[in-house]
Amino acid sequence: MKIFPAFASILLACIITFSIASAQSNNFKSDRHRPQYHFSPNEHWMNDPNGMVYYNGTYHLFFQHYPEKTIWGPMHWGHATSRDLVNWTQQPIALFPDSLGWIFSGSAVIDYKNTSGFGKDNKPAMVAIFTHHNDSLEKLGGNNHQYQSLAYSNDEGKTWTKYEGNPVLKNPGIQDFRDPKVFWYEKGNKWIMTLATKDRITFYSSPDLKTWEKESDVGAGFGGHGGVWECPDLIEMKYGVTSKWVLLVSINPGGPNGGSVTQYFVGDFDGKNFTPDDTLTRWMDYGPDNYAGVTWSNTGSRKILIGWMSNWLYANKVPTERWRSAMTIPRQLSLERVNGKPALTQRPVGELAKLERKRSSLTAFTVNRKFDLPSSIKKGLNKIVINTDNSKSFSFVLSNTREQKVIVGYDKAKDEFYIDRTFSGPRGFSDEFFSRAVAPRLAKTRMMTMTLFTDQASVELFADDGSTVMTAVYFPDEVFKNITLEGDGLKVRGLTVVEY
Ligand code: FRU
């Protein structure tokens, strides 16, 4: 049997896990909800991606983790590493709660200039900048229970030391004061921290990561405000021959399809102020399950984002037993002109091509009613690409033998895409989960492309070169192994089905 790499490593992880905990009856392969090529923790709770940094050929992915239960609780930073963004190996927990509090979301940088003095033996330190959340202070009331702290590693993320001067940024009396994302701002020769501060984003600067000064804040009067602002990221992106700055902000609740969502603003940043080009609200991903996504640091002009593939509406209740939540596939971000305006586009990273086992392509055919995708699709792990024009509605129906299904489609009359998981599996764990999410088609071109990535319990839709994106999870009793394309006189230019 040929085992593809991601699967092999998952299998290996299982073997390792089960040689230690052989009493467990489940394993990755037989767990029908366990993603086979998305990162999920071996066990217990996970939420936001944290501290993502690329160093010496390794992508580090830290994550919000509660290693005792499958529900949210005292937060730690879990850790996973990958050399190719596809095969992940879970590492020992990186950061544990301490007397200052639980370890909430944050970022990591490589301090090449040793501004912090944490470097050792001429090697730069990996420095994590995170929020300490003090549960006891929170219970006492008041607004000072979140503040920013540092930890550093001199062995590429294996072991960590908390800075004795923590916290490095005290709370000025703002209830939601968290999720620092830090980058080196070369022009100003200083670090910039982008911090979520309740209903806005505040920028701080520092020469050494240890002392921070407020520069400005932005966002109080515009953008989505259906919920608190969280997990920001400020990135400089190439735009044609110039560059622009993109500010990502997650909000919860307030999403266009309910619950958690990530919005973004396009503008300029001068080291002090972020000035948005306009005050429109733009959603990065219209699906219900892509939250708290930020980009890897230290990847140069290549901007790669990964998000938490869940939603606070039901994250604690989804029907998985040993573990909870997965990450999205990593996506490469670009800033491109879409329908006359700069827009963030997302494309799955090219590294995913490694997973490919089999490919079938069809060209120029018409679908009248129903077309069954090749019978080789028997695992439910696929990439499907369709090229057609925008003159007809059509949909992909993913289903199993229990009459459970998820429909991903394009509605011509409304010019929108949708993911309908109303009948995706047993109900009961959440009232809000079983719904139909919609997204406007942002590109207005006549020809359209839709690319789907299906795993055992998720689908990610990238339409029109990643200008409209939707991500959704589901929990059927049996993996969706049947996929049909439905349409009425739908002229398909090309259909490619890749089996992972
Ligand atoms: C976002 C978030 C962050 C916070 C973390 C706590 O999902 O609420 O704002 O740091 O999760 O786990």
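## Lys 170

Lys 170 sits in the loop that joins strand 8 (161–162) to strand 9 (177–185); strands (E, at least two residues) and helices (H or I, at least four) are DSSP runs numbered from the N terminus. This is a predicted model, in which local features need pLDDT of at least 70 and side-chain atom pairs count only at pLDDT 80 or more, while totals for chains, interfaces and linings use all residues. Residues are numbered from 1 along each chain as its sequence is written, and side-chain values use heavy atoms, with hydrogens and water left out.

With a relative accessible area of 62%, Lys 170 is exposed (exposed is over 50%, buried under 20%, partly exposed in between, with a 1.4 Å probe and protein chains only). Apart from neighbours within four places in sequence, Lys 170 is in contact with Tyr 147 and Phe 177, where contact means heavy atoms within 4.5 Å. Gly 73 is 97 residues from Lys 170 along the chain, and their C-alpha atoms are separated by 23 Å.

## Asp 233

Asp 233 belongs to strand 13 (residues 228–239). Its relative accessibility is 1%, so Asp 233 counts as buried.

The side chain of Asp 233 makes a polar contact of 2.7 Å with the side chain of Thr 295. A polar contact is a pair of N or O atoms within 3.5 Å; within protein, one must be able to donate a hydrogen and the other to accept it, and residues adjacent in sequence count only if both atoms are side-chain atoms. Beyond four places in sequence, the contacts of Asp 233 include Lys 181, Thr 194, Leu 247 and Val 294.

## Pro 49

Pro 49 is part of strand 1 (residues 44–55) and is buried, at 3% relative accessibility. Setting aside neighbours within four places in sequence, Pro 49 is in contact with residues including Phe 62, Tyr 291, Val 294, Trp 308 and Met 327. The C-alpha atoms of Pro 49 and Asn 154, 105 residues apart along the chain, are separated by 22 Å.

## Whole chain

The protein has two helices and 32 strands. Its radius of gyration is 22 Å, close to the 23 Å given by the globule rule for 500 residues, so the protein is as compact as a globular protein of that length; the radius is taken over C-alpha atoms, and the rule is 2.2 Å times the number of residues to the power 0.38. The C-alpha trace spans about 65 × 60 × 45 Å along its principal axes.

Buried residues make up 60% of the 500 residues. Of the contacts with a separation of 6 or more, 61% are between residues 24 or more positions apart.
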